[in-house]
Amino acid sequence: RLSKVFKHPNSSIPYTEKTSSNNMVNLMVVGQQGMGKSTFVNTLFQNEILKTGIDFKNEYFDSGSIIAKKRIFQEYSDPLNEDTPTTTSIQKTYVMLEEANVNLKLCIIDTPGFGDFSDNSFSWVPICEYIDAQYTDYMFNEEQPYRDLLVDSRVHCCLYFINATNKGLTALDVISMQEISKRVNLVPVIAKSDGLTRSEIVNFKKDIKETIRVQNIKICDLLLGGDCGDDDYDYPFGVVGGQYYEDRQTFGRKYRHGFVDVMDERVSDFLKLRKFLVEEKTLDLIEKTSMYYEEWRDKLCLFRYK
Ligand code: GDP
Ligand code: MG
């Protein structure tokens, strides 16, 4: 296994112990339900951190009886029922990652409900509102006398999960990515890339890159390499998420026709993305966030004083 991960018994509470780096990274995952976001997060940290689709399904669809179905229908159709999500919601889970050279506190920000309704035209709004609210918080906290105590809840990176349909980005993808990328480091990923053949994934990546260019989506520029002689990453990362198999001592997916190891670079860019997030660019992501934050502050001033 790659790392040791600690999940707080009550993982809705952040870690406060000081670690060597004392950095806290806030990582957001956005994408429609069933795209494999939770599975990906669990694979990333080699641990069961978020509940995945299988568990959820069992909760609601454990019995095929009409009564059970009726209950589900009522739950999902009654707008006054408080448990029924009617919009994109935000869920935070705190973890600590310990490895030979990495010591990180992380907050995983999940966004259940994104794109799951009959009208999804504004699914991205609650996400952007959340991002902006963290900037507002940070701005007020910055002015306080004890800056040491400042908790940085700004979103440092947003992974946007693209459906591996081989048909390019949807209108919802485009508008969401445009809006999110104005605010934070946006890293596009192709979900469940095990579903695409080699040539399909190559073409799909090319298509997406083209749309990103044409639609003026400002993805995280750490992906682009550039002047510093940095490596440029082969975005969007195609990812495969899986579960731990004792017999193989690795994370993967068991199909009827065989086994895929998520670390296998022929099927998945998982290792590259993991390196990008928790090894190579972690500090850069935090630094860039400050630039996004300054931009946001500038806009705020324009808005108020013009
Ligand atoms: P979420 O709603 O985006 O959090 O999706 P989940 O992580 O709950 O996964 C939904 C379903 O997709 C589960 O049955 C997973 O086993 C499956 N899944 C997750 N990742 C992958 C993947 O990379 N490839 C394939 N084929 N299926 C996946
Ligand atoms: Mg999930």
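A search of the whole structure finds 13 aromatic pairs, where rings of Phe, Tyr and Trp (its six-membered ring) pair if their centres lie within 6.5 Å, with planes under 30 degrees apart counted as stacked, over 60 as edge-to-face and the rest as tilted. This is a predicted model, in which local features need pLDDT of at least 70, side-chain atom pairs count only at pLDDT 80 or more, and totals for chains, interfaces and linings use all residues. Residues are numbered from 1 along each chain as its sequence is written, chains are lettered from A and ligands numbered from 1 in the order in which they are written, and side-chain values use heavy atoms, without hydrogens and water.

**Aromatic pairs**

- Phenylalanine 40 and phenylalanine 270 form an edge-to-face pair, 6.0 Å centre to centre, with 75° between the planes.
- This pair links distant parts of the chain: phenylalanine 40 is in helix H1 (residues 37-44) and phenylalanine 270 in helix H7 (residues 270-280), 230 residues apart. Helices (H or I, at least four residues) and strands (E, at least two) are DSSP runs, numbered from the N terminus.
- Phenylalanine 40 is buried at a relative accessible area of 1%, and phenylalanine 270 is buried at 0%. Buried means under 20% relative accessible area, exposed over 50%, and partly exposed in between (1.4 Å probe, protein chains only).
- Phenylalanine 114 and tyrosine 160 form another edge-to-face pair, 6.0 Å centre to centre, with 90° between the planes.
- Phenylalanine 114 lies in the loop between strand S4 (103-110) and H4, and tyrosine 160 in strand S5 (residues 157-162), so the pair ties together parts that are 46 residues apart in sequence. Both residues are buried.
- Ring pairs also link Tyr135, Tyr138, Tyr293 and Trp296 into a cluster.

**Charges over rings**

- The charged end of lysine 209 sits over the ring of tyrosine 235, 4.9 Å from its centre. The criterion is NZ of Lys or CZ of Arg within 6 Å of the ring centre and within 35 degrees of the ring normal.
- Arginine 248 places its charged end over the ring of phenylalanine 259, 4.2 Å from the ring centre.

**Helix H1**

- Eight of the eight residues of H1 are buried. Among them are Lys37, Asn42 and Leu44.
- The buried residues of H1 pack against strand S2 (24-30), S4, S5, S9 and H7.
- Just after H1, glutamine 46 takes a positive phi of about 50°.

**Nonpolar core**

- The largest nonpolar core has 76 residues, of which Leu159, Ile180, Val187, Leu273, Phe276 and Leu277 touch the most other members. Such a core is a set of buried Ala, Val, Leu, Ile, Met, Phe, Trp, Tyr and Cys residues joined through side-chain atoms within 4.5 Å.
- Helix H4 (residues 124-142) supplies the largest share of this core, eight residues.
- Leaving aside neighbours within four places in sequence, isoleucine 180 is in contact (heavy atoms within 4.5 Å) with Val30, Ile127, Cys128, Ile131, Cys158, Tyr160 and Leu186.

**A buried lysine**

- Lysine 288 is found in helix H8 (residues 282-305).
- Lysine 288 counts as buried, at 19% relative accessibility.
- Not counting residues up to four places away in sequence, lysine 288 touches Asn185, Asp221 and Leu222.

**Three-stranded sheet**

- An open sheet of three strands has the order S8-S9-S10, with antiparallel pairing. Two strands pair if DSSP finds at least two bridges between them.
- The edge strands, S8 (243-245) and S10 (259-261), each pair on one side only.
- Strand S9 (residues 250-254) is joined to S10 by three bridges. Arginine 253 has valine 260 in S10 as its bridge partner.
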